[in-house]
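Subject: The model we talked about

Hi,

Here is the structure I promised to pass on. Have a look at it first, and then read my notes below.

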Amino acid sequence: MSHKLYPKPTPSQRIKLALHYLTPQHTLTRLAGWVANQQWGGATHFIIKQFARAYKINWQEAAQPNPSDYPTFNQFFTRALKDGVRPIVADEKQIALPADGSVSQSGAIQANQLLQAKGHSFTLEDLLAGDEALAAQFANGTFITTYLSPRDYHRVHMPCAATLRQMIYVPGELYSVNPFLAQHIPNLFARNERVICVFDTAFGKMVQILVGATITASIRTTWAGIINPPRSETVRTWDYPTDGEQAIRFNKGDEMGAFLLGSTVINLFPHNAITLDERLQENAETRVGELLGTVN
């Protein structure tokens with residue numbers, strides 16, 4: 001994997017980067033979360049309409065297709081889709097994409113290095129909050145990073161049948177995760193706040209990580225609700241039973257979480273466990289349920 005220097009930003013890009021570093025991300029995010037959760041009636045519906053127009057939201061896909069159906073902006077942003085608009089790949093060996101968006105990067109994990117953007121990478125250990133034992137299980141494995149833009153559907157689904165083993169909340173920065181900043185902020189995904197979900201599957205462990213960002217007011221999961229806020233200053237870990245009635249099991253395509261305002265999903269698979277669909281190159285469009293790869 002390349003270890004070239006980061007692309008040298010232009011003067012205007014340096015100003016943009018400096019402004020982003022200087023932005024009080026946590027304060028701005030708390031404010032955005034508060035605004036997005038207010039029930040302001042007609043004012044809320046006006047904001048939703050303007051946002052939907054600006055980002056060309058496809059109302060035909062939404063289970064509730066009218067702005068007035070949503071008491072808060074957050075309820076609109078995490079809107080459900082109509083049944084059947086995201087068919088899930090059906091073959092037992094097919095792995096499904098977990099989110100609408102676009103591929104930031106994908107491919108082989110080189111020893112413990114994942115590609116963030118052209119010319120730079122970050123380590124499994126950094127991404128997984130220093131858990132060397134967990135990181136070792138994905139050495140030389142496969143990864144895919146999916147970027148969700150503001151216009152995308154923001155619920156996250158399961159790539160395959162799985163049983164939840166562990167959830168880890170990692171505090172961190174709230175840098176934006178758009179492609180420009182991914183090219184210029186070192187270790188972006190390993191520095192940002194994130195929720196790491198570890199699953200047992202038929203082909204071994206799988207990790208699905210929900211990465212926070214500026215204006216991502218919170219991350220929620222279907223089994224634990226909203227994880228943040230409150231925002232802890234330390235790593236928090238939850239372990240779950242993998243047998244018996246208390247085990248939390250998912251079928252392929254089941255919803256597992258959502259972003260209350262947008263971000264990124266990273267999936268990790270063990271060495272030689274799956275083969276990624278060759279279509280999933282940088283910037284390729286993704287839709288929940290489409291083919292991510294095939295079990296080897």
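A quick definition before anything else: helices (H or I, at least four residues) and strands (E, at least two) are DSSP runs, numbered from the N terminus. With that in hand, you can find aspartate 200 in strand β8 (residues 194-201).

Keep in mind that this is a predicted model, where local features need pLDDT of at least 70 and side-chain atom pairs count only at pLDDT 80 or more, while totals for chains, interfaces and linings use all residues. Residues are numbered from 1 along each chain as its sequence is written, and side-chain values use heavy atoms, with hydrogens and water left out.

Back to aspartate 200. Its side chain makes a polar contact with the side chain of arginine 165, at 2.7 Å. (A polar contact is a pair of N or O atoms within 3.5 Å; within protein, one must be able to donate a hydrogen and the other to accept it, and residues adjacent in sequence count only if both atoms are side-chain atoms.) Leaving aside residues up to four places away in sequence, aspartate 200 also touches others, including Ala161, Lys205 and Thr242; contact means heavy atoms within 4.5 Å.

Next, the active site. An unreviewed UniProt entry lists Asp100, His157 and Ser263 under that name. They span 164 residues in sequence, but no two of their C-alpha atoms are more than 14.3 Å apart, so they gather at one spot. UniProt positions are in the numbering used here, feature names are shortened, and annotations may be inferred rather than shown by experiment.

Aspartate 100 is in the loop between β1 (94-96) and β2 (101-108), and with 2% relative accessibility it counts as buried. Buried means under 20% relative accessible area, exposed over 50%, and partly exposed in between (1.4 Å probe, protein chains only). The side chain of aspartate 100 makes a polar contact with that of arginine 86 (2.7 Å). Serine 263 sits in the loop between β14 (255-260) and β15 (264-269), and is buried too, at 1%.

Last, helix α3. Which of its residues are buried? They are Thr44, His45, Ile48, Phe51 and Ala52. Seen down the axis of α3, these fall within an arc of 125°, so they line one face of the helix; the arc is that of the directions from the helix axis to the C-beta atoms. They pack against α4 (73-77), whereas Gly42, Arg53 and Ala54 are exposed on the other side of α3.

Cheers
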